[in-house]
Amino acid sequence: MNGATARAIARCPAFAVVEGEPGAGRTWLLDELARREPRESAVIRVRCAGRRRPVPLGPVLDALSADLGRWTSVAARLSPLAGVLRPLLPELTGTLPSVTADANDRHLVFRAIRELLTTHERTVLLVDDADEADEETQDLLRFLAADPSPRLAVVATSTIRAHRAVPGESWWPPRSGVTARVTLAPLEVEDVVALAGSRELGELVHRRTGGLRGAVHAVLESPGTPVPAAWSAALVARFAKADPGCARVVEAAVVFGRPVSGGELAIVSGLDEDAVIDALLSALDAGFLRDLGRGRYAARSPLVAEVVHAAIPGPRRCHLHGRVARLLSAGDEPDAPRIAQHHREAGELGEWVRWTSAAVDGAVTEGKPEEAVRLLETALEDEGLSRADRENFAVRLSRVTAYELVKEPTVRLLRTAVRDWPMSKSARGEIRINIGRLLINQTGQIDAGRSEIQLAVADLSGHRALLARGLVTLALPHVGAVPVEENLRWLDQAVRASEGVRDVELLAAVTANRMSSRMQVADPGVWQDVGTLPASPRSADVRRQVCRTYINLADAAAWNGYYPVARSYLATARRLIQDEHQPYLEALAAGTDLRLDVAMGLWSTVDTEARALVARMGEDASLSAEPLLALGWYDFGRGRRAAALRDFDAASALSAGSVPLQASSFAGRAAVRLAGKDLAAARRLVEYGLENVRRKNNWVWAAELLPLAVRILIGQGETGIAETLLAEYQEGITGRDAPLAHAADLFCQGLLARPHAAEAAELFSRSARCYQALPRPYAAAGAEELAGECHAELGDHERVLGALTSAETTYRALDSLADAQRCRRALAAHDPDIPRRGRRGYGKALSPRELEVVGLAARNLTNRQIAERLFLSARTVEVHLGRALAKLDLPSRAVLSEELLRDRVAASKTA
């Protein structure tokens, strides 16, 4: 409260009324006014409280006799009229005049009290809860309001009443004489933040208290205490005084725990319609409930609800929760989680288990696995759960983890269940299977996951479907360090175990991993099987399995170099779960998408999206390996080696369970070392990566490693080892449908053929075309650049210009400026348009020939038509056009027009 407000309320003469709901801070405001008064002022506090048998004028007489010293100094100023108060204030017998008068004359008493209050130069009468005062006290206050004194200021507080006055009730506040009327509103969020000194704490306290000042101060003054003891005791005491109808409707509202209608309150409280209306009005007046509008009511604040709920006697509280549960379950759309909670509070365990199961079913059906996990974990932590129900819920929790991003506490809970809880062998085995799947798929703990599945096999000897589910998890070739052949043996065992099983979701899982395995090893025959996948499965479980299949296929197709195909698979996967929230599957798809963006040169959003995905998954989560890997290659392409190395290191640490991710992260780390001329460190890194691939025996995953390895070995004079390595690689990819691997093979052949410039140039050019067809533009530009170097050795200037210009244009489009500048320097030695020493170059301006070529291109002439008109070769036209587009900052000739060309040329001249 600011000073201006205080002066407006308590100036003399004044009669101010301060209104607010219970707990709004009325007493606090009176305390503030008293504190601000100068010492010479007489401040008199009158505290009114509703009593069953009130004493007329009791609160005022108590206040007047509280400080006898204040009247002694002004005794000489009192007229004989004040003597009428001697029977009422025996403590002041020595101060008041000894005049006999009738103390029963109300008018004389009121005048005497007024005289006593105005003997000081300034008196401030602060009356708390005036609306609860006895009628004599209220009549006195009306008397003071009607006849103000320049020496007296009265400030009286009262509770805002929601209901109309009832005949026979005293009317408050006074109808006349009120000089100021203030309504205390709840504190705003910013007010509580200022009091708390912290936005997070302030917002939390505001939500719990509803902004009521008394509750806010109580909470802030009791840090670490869930419910402030003194404030809670005062609220319980106030609630105990409420009339029975009010208490019953408040109990019903807080037991509901959500906004509720008057009709629902009537059913649960057992009151009839008229009684409920009166009870609601009383509850609103007392500050226990708040009116949300349109016939909906709720507890005044979460804190009020918590305290009142705890104050309801246990048997009655259980009875009310049971009534609420039965009312909700009879609705058209029963809220299963809430019904289950009410049955648990009522102690009705059988119904609690039944409705919890229904709630979990609903969450899974609606594609909300995180909600299903929360419900199951809450139930499993309840000591009231029977052994059979605990086993059932533990199994269900382990199943839900297949599609949820599971946190460590969930893993610990499941491990505790299989280790410590009594349960059947089949249940323990299934939980172990699902723990193993979780560890392998989400945390990268391959060995631990495999161990869990192997432990489960003994428990599941008679349960073929569950056994197949575990074996199929080990079947994907990218999992673990064992050879692909072992993964495929597990797949065969899973297929045999699933024969005759009617579980369509399991059969879909086996099919998913069989197709994914074949795609990961680049089996040419897999494409026919992909066409047999159902387009729109009716079963939600099967739909998720098919979605997972397409994501796995997209991942494998991306490693193989089928980028547009991978994109289409991801689009299909997203369509299948477009109406569900599947964070695990969505994260897998997002990671593959980022890897495709980097490979295809679509770099504009990689940095932002990759960092967002890492933030969402957590920096230490295995699912962050892929976005970190994408960031590494992106940073490397931009010439930020230190940042790239950090990203590659982080990706490597998180991807221990995935051989292709490990191979790519080793390739990235080696590329950074090679760029820094540290051949020894680069060689160690590629050897580690190649050893993983060699152990796995799936060489299609070495497509990023091989070019680096061959280049390093040649740089160290180990050409023979490089040739042997390439031969091993070629043998490993023979018969595999992996365009990226074959493009890398051509590139490595070009490196080894480098002493023979013509042969090497041809191999590099073929490699560049293969990379560009994927498309993988950064790798294509690298191959073009090396082809240009070979043409330079052969003295073929036209091909030099074509290759280097193509490489430079690609690098600039990717914003790989260091690479582009390197090509620019190489071009400077061979470009016939660059003037000889002593003459001025064109810099960023178009040369006459470039201007001529780009002008014809803007008129939609093809390169061949331009070549015929200018008597040039088509290759030379391509060189001039590429350089002109780069200078004009245009991505391709597709956007070129005569108008755009004029604007760009004019702008370049102005610049």
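Helix H21 (425–443) gives the most to the lining of the largest cavity, with 6 residues. This is a predicted model, and the cavity has a volume of about 720 Å³. Of the 43 residues that line the cavity, the closest to its centre are Ile-440, Asn-441, His-478, Tyr-584 and Leu-588. Other helices take part as well. Helix H23 (464–473), helix H25 (504–520), H27, H29, H31 and H33 each supply at least two residues of this lining. By class, the lining has 21 nonpolar, 17 polar and 5 charged residues. A search of the whole structure finds 3 cavities of 30 Å³ or more.

Now turn to the second largest pocket. Its volume is about 1,500 Å³. Of the 45 residues that line the pocket, Phe-636, Ala-671, Leu-708, Arg-711 and Tyr-778 are the closest to its centre. Helices that each supply at least two lining residues include H27 (540–560), H29 (583–599), H31 (625–637) and H33 (659–675). The largest share, 7 residues, comes from H39. The pocket lining divides into 28 nonpolar, 5 polar and 12 charged residues.

Next comes the nonpolar packing. The largest nonpolar core has 114 residues, of which Tyr-550, Trp-699, Leu-706, Tyr-729 and Tyr-771 touch the most other members. H27 gives the most to this core, with 11 residues. Take Leu-706. Leaving aside neighbours within four places in sequence, Leu-706 is in contact with Leu-690, Trp-699, Leu-725, Leu-726, Tyr-729 and Cys-748. Another core, of 91 residues, lies apart from the largest one. Val-192, Ala-252, Ala-253 and Ala-286 are among its members.

Note on methods: Residues are numbered from 1 along each chain as its sequence is written. This is a predicted model: local features need pLDDT of at least 70, side-chain atom pairs count only at pLDDT 80 or more; totals for chains, interfaces and linings use all residues. Side-chain values use heavy atoms; hydrogens and water are left out. On a 1 Å grid over the protein atoms alone, a cavity is a set of points where a 1.4 Å probe fits but cannot get out, and a pocket is an open set with protein on both sides within 12 Å along at least five of seven lines; lining residues have an atom within 4 Å of a point. Grid points are joined across faces, edges and corners, and a volume is the space filled by probe spheres set on the points. Helices (H or I, at least four residues) and strands (E, at least two) are DSSP runs, numbered from the N terminus. Ala, Val, Leu, Ile, Met, Phe, Trp, Tyr, Cys and Pro count as nonpolar, Asp, Glu, Lys and Arg as charged, and the others, Gly among them, as polar. A nonpolar core is a set of buried Ala, Val, Leu, Ile, Met, Phe, Trp, Tyr and Cys residues joined through side-chain atoms within 4.5 Å. Buried means under 20% relative accessible area, exposed over 50%, partly exposed in between (1.4 Å probe, protein chains only). Contact means heavy atoms within 4.5 Å.
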